Amino acid sequence: MASAPLTIEVQSEIGKLEAVLLHSPGAEVENMTPRNAQRALYSDILNLSIAQKEYEQVSGVLNKVAKTYQVRELLIKILDNHAERETLIGKICVTENVTDYFEYLMDMSSKNLAAVLIEGLPAKINTLTSYLKDDYYALLPLYNFYFTRDASVSIGNRALICKMASKVRMRESLITEAIFRNPRFFDCNLLNAHEFQPGNDEIFMEGGDILIAREDILIIGNGMRTSSQGIDQLINRLCRSTNQDKWHVIVQQLPDSPESFIHLDMVFTLLDVDKAMVFEPLILNDNQYQTVHMTIEGGKVTKIKTVNNILSVLKKLGMELEPVICGGNADEWNQEREQWHSGANFFAFAPGKVMSYARNIHTLNELSKLDYEIIPAWDIVNGKKDLSKTGQCVVTIDGSELPRGGGGARCMTMPLRRQSVNWPK
């Protein structure tokens, strides 16, 4: 008997996690050379066997606390249905200009086809044109797909399919859309950013830039991966798809470089009802990057103004957050070094219970001072520690290879359902 579809519901960054979408890295991560590492948006090449061992810690911990869904498993189920397979493969072939592979792909087994769609399809060298092409692949490997955060966002009961900044990642959006559109898996209202203004290349947004602070507050990064036009369109569509009368959107401008500032969640994440992890130079110190507070009432922007910083406007809206400094207070060099290695990119699986990389020792030390227990992920996976019996804690993942892809624990997790939060009165 088929299980009932999961109802999507996410109203915060910190509510107790009940379900999450993951993608364990596979052969696609190794199907890369130094020449195409930059195109893949990586800072370096990953060692797959080590990356998989590190990722086992992420998925192993989350399997203990929530229901986990794997992209590949859901994709295989979609491909088992002929009509759904035809729709998805048709979209991919047209989008990636490989229509001559359509029948070849349609004839594959679902398991093999899912592998090809994620790991890449070597080109057939059977014409002069294909021989002279510089690309080994007809369908490029999806090197970035283990960062499931970017292609979609859960906002309340809505699943937003993101229009990502790089065409290299378009197939991630198409696969994710097919998953969320399927009523066998999830019950949600679908918002597809590719349909906002088709053909407008100025509209793009990614999930790493979109934080749900509270049911009425979004915090959105405006930088190399999320455009101001993308934010405007998202606000417009959200207002149309909800009965909520009043929204607050806090927009944080981000630098175009270095690449570690790729998303807002690389410089700011929420840890608990009263704490946030911040990269101090950008979030708290004076700089050239604006923080803008937008008030939306009755479906229209009624106020828009520059404010001091994210924390100051959240305080006015009733969310008083103590900043925890990524890299520690003592040394700006440590702050920059640990931010580069995703030191601000925390994922909360319950209020005050978070995941991050073990390598960022100065950041972890700041949390230790606040009485967060530091717990190695393997202790949870192997049953030595029971998270239901711990207080506030940081579960630490070994991070020598995974950070090379340019992201941390929040990047690797796409929450589908969280419990509501008891906010301080």
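**Reading salt bridges, a helix face and a sheet**

User: What do the side chains of Glu195 and Arg181 form where they meet?

Analyst: As a general idea, side chains of opposite charge can pair when their charged atoms come close. In this structure the side chains of Glu195 and Arg181 meet in a salt bridge, at 3.9 Å from N to O, where a salt bridge is a side-chain nitrogen of Lys or Arg within 4 Å of a carboxyl oxygen of Asp or Glu. The pair links distant parts of the chain, 14 residues apart, with Glu195 in the loop between strand S9 (189-192) and strand S10 (210-214) and Arg181 in helix H9. Helices (H or I, at least four residues) and strands (E, at least two) are DSSP runs numbered from the N terminus. This is a predicted model, in which local features need pLDDT of at least 70 and side-chain atom pairs count only at pLDDT 80 or more, whereas totals for chains, interfaces and linings use all residues. Residues are numbered from 1 along each chain as its sequence is written, and side-chain values use heavy atoms, with hydrogens and water left out.

User: Are Glu195 and Arg181 buried or exposed, or something in between?

Analyst: A residue is called buried under 20% relative accessible area, exposed over 50%, and partly exposed in between (1.4 Å probe, protein chains only). Glu195 is partly exposed, because its relative accessible area is 48%, and Arg181 is likewise partly exposed at 45%.

User: How many salt bridges are there by this rule, and where do the partners of the pair Arg410 and Glu13 lie in the chain?

Analyst: The count comes to 22 salt bridges. In one of them, Arg410 is joined to Glu13, with the closest N and O atoms 2.9 Å apart. This pair links distant parts of the chain, 397 residues apart, since Arg410 lies in the loop between strand S21 (393-397) and strand S22 (414-418), and Glu13 in the loop between strand S1 (6-7) and strand S2 (17-22). Arg410 counts as buried because its relative accessibility is 1%, and Glu13, with a relative accessible area of 7%, is buried as well.

Another salt bridge joins Glu177 and Lys91 at 3.2 Å, N to O; Glu177 sits in helix H9 (residues 170-181) and Lys91 in helix H5 (residues 82-95), 86 residues apart. Glu177 is buried at 4%, whereas Lys91 is partly exposed at 34%. Salt bridges also form a network, which links Asp150, Arg169, Glu172, Glu206 and Arg225.

User: Which side chain of opposite charge is nearest to Glu54, a buried residue with no salt bridge?

Analyst: Here Lys and Arg count as positive and Asp and Glu as negative, while His and the chain ends are not counted. The nearest side chain of opposite charge to Glu54 is Arg359, which is 7.2 Å away. Glu54 belongs to helix H3 (residues 48-65), and, leaving aside neighbours within four places in sequence, Glu54 is in contact (heavy atoms within 4.5 Å) with residues including Ile397, Gly399 and Pro403.

User: Which residues of helix H14 are buried?

Analyst: An α-helix has 3.6 residues a turn, so residues three or four places apart point the same way. In H14 (residues 361-369) the buried residues are Thr363, Leu364, Glu366 and Leu367. Seen down the axis of H14, these residues fall within an arc of 150°, so they line one face of the helix; the arc is that of the directions from the helix axis to the C-beta atoms. The face turned away from this buried side carries the exposed residues Ile361 and Lys369. H14 is followed by Asp371, whose phi is positive, near 70°.

User: Which strands does H14 lie across?

Analyst: Strands of a sheet pair through backbone hydrogen bonds, either parallel or antiparallel. H14 lies across S13, S14 and S17, running at about 145° to S17, where axes are lines fitted to C-alpha atoms, for helices over the stretch in contact, and angles run from 0 to 180 degrees between N-to-C directions. These strands make an open sheet of three in the order S13-S14-S17, with mixed pairing, two strands being paired if DSSP finds at least two bridges between them. Strand S13 (268-272) and strand S17 (322-325) stand at the edges with a single partner strand each, so one side of each is left without a neighbour in the sheet. Neighbouring strands are turned by 30° against each other on average, direction ignored. S13 and strand S14 (residues 275-278) run antiparallel and are joined by four bridges, and Asp272 stands opposite Lys275 in S14.
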